[in-house]
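Take them in any order you like.

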Amino acid sequence: MKTQDNIIKQTAKIFAQHGYEGISMSVVAEKSHIAKSVIYHYYKDKDVLLKEMFDSINSQLGKKRAKLPALATARERIKQIIRFQFEHAPEVVTILKYYAAFRKQFTAQEAGGYVPTKAYLHVEEVLEFGMETQEFHISNLTKDAKVITHAINGFVLEYFPQIPKEEELDQLIEDIADFILRAIITNSQNRKGGEIK
């Protein structure tokens, strides 16, 4: 493993567990078995290292998401997103904690300011698909995608680092998907001309 890859990997592990305040160049050096001076050679400070970690994990997750098969229904695609988030919980938690620590950098760039655009685009695509297949109707696609993304990630944060396995995970995914779809369908039925009855 390349030196920088090892540094990023160990940084992500520490950051997912302990957040911004719980990480330092000394701790990264100790956990990666690399001299602190070598880490400083690549990264001038903790924030630069964390930005590199964030970019690297975001890129890796994007490549993995791109390989997911296109399933036949929106329900199956929502379950796929939930499973993906749980199966990649350490990376997802790292991204979420980075966003929490550096929120001001994102809100200056984002129109809505709730979550970075990339964080909810895959949910928005699934919701668009569900509307195309007439599984449901959504009047405010972006807003609902953000709320659903928050809900799914909230579950991941709640369970991390003790992520359920096998049947327990399968049941949890079903329960979350049912909850999300009930909310979408109920909301669709209660709206008339974009207004809640």
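**Notes on the model**

1. Start with a charge over a ring: Lys 46 lies over the face of Tyr 20, at 3.8 Å from the ring centre. Keep in mind that this is a predicted model. Tyr 20 also belongs to a cluster, in which ring pairs link it with Phe 54, Tyr 98 and Phe 102.

2. There's another charge-over-ring case to look at. Here the ring is that of Phe 129, and the charged end of Arg 77 sits over it, 3.5 Å from the ring's centre.

3. Now the aromatic pairs. A search of the whole structure turns up five of them. One of these is Phe 86 with Tyr 159, an edge-to-face pair with 6.1 Å from centre to centre and 70° between the planes. The pair ties together distant parts of the chain: Phe 86 is in helix α5 (residues 74–87) and Tyr 159 in helix α9, 73 residues apart.

4. Are the two partners buried or exposed? Phe 86 is buried, because its relative accessible area is 2% and the cut-off for buried is under 20%. Tyr 159, at 27% relative accessibility, counts as partly exposed.

5. Most residues other than glycine have a negative phi, and most peptide bonds are trans. Against that background, have a look at the bond from Phe 160 to Pro 161: this one is cis, with omega near 5°. Pro 161 is found in the loop between α9 (141–159) and α10 (166–190).

6. You'll find Gln 134 in the loop between α8 (117–132) and α9, and it is exposed, with a relative accessible area of 70%. Glu 166 isn't a glycine either, and has a positive phi of about 45°. Glu 166 lies in helix α10 and is exposed, its relative accessible area being 60%.

7. Last, go to helix α1 (residues 3–18), where Thr 3 has its place. What does Thr 3 touch, leaving out residues up to four places away in sequence? The answer is Ile 34, Val 38 and Tyr 42. Thr 3 and Val 38 are 35 residues apart in sequence, while their C-alpha atoms are 9.0 Å apart in space. As for accessibility, Thr 3 comes out at 32%, so it counts as partly exposed.

How values were computed
Residues are numbered from 1 along each chain as its sequence is written. This is a predicted model: local features need pLDDT of at least 70, side-chain atom pairs count only at pLDDT 80 or more; totals for chains, interfaces and linings use all residues. Side-chain values use heavy atoms; hydrogens and water are left out. Helices (H or I, at least four residues) and strands (E, at least two) are DSSP runs, numbered from the N terminus. Buried means under 20% relative accessible area, exposed over 50%, partly exposed in between (1.4 Å probe, protein chains only). Contact means heavy atoms within 4.5 Å. Rings of Phe, Tyr and Trp (its six-membered ring) pair if their centres lie within 6.5 Å; planes under 30 degrees apart count as stacked, over 60 as edge-to-face and the rest as tilted. A charge sits over a ring if NZ of Lys or CZ of Arg is within 6 Å of the ring centre and within 35 degrees of the ring normal.
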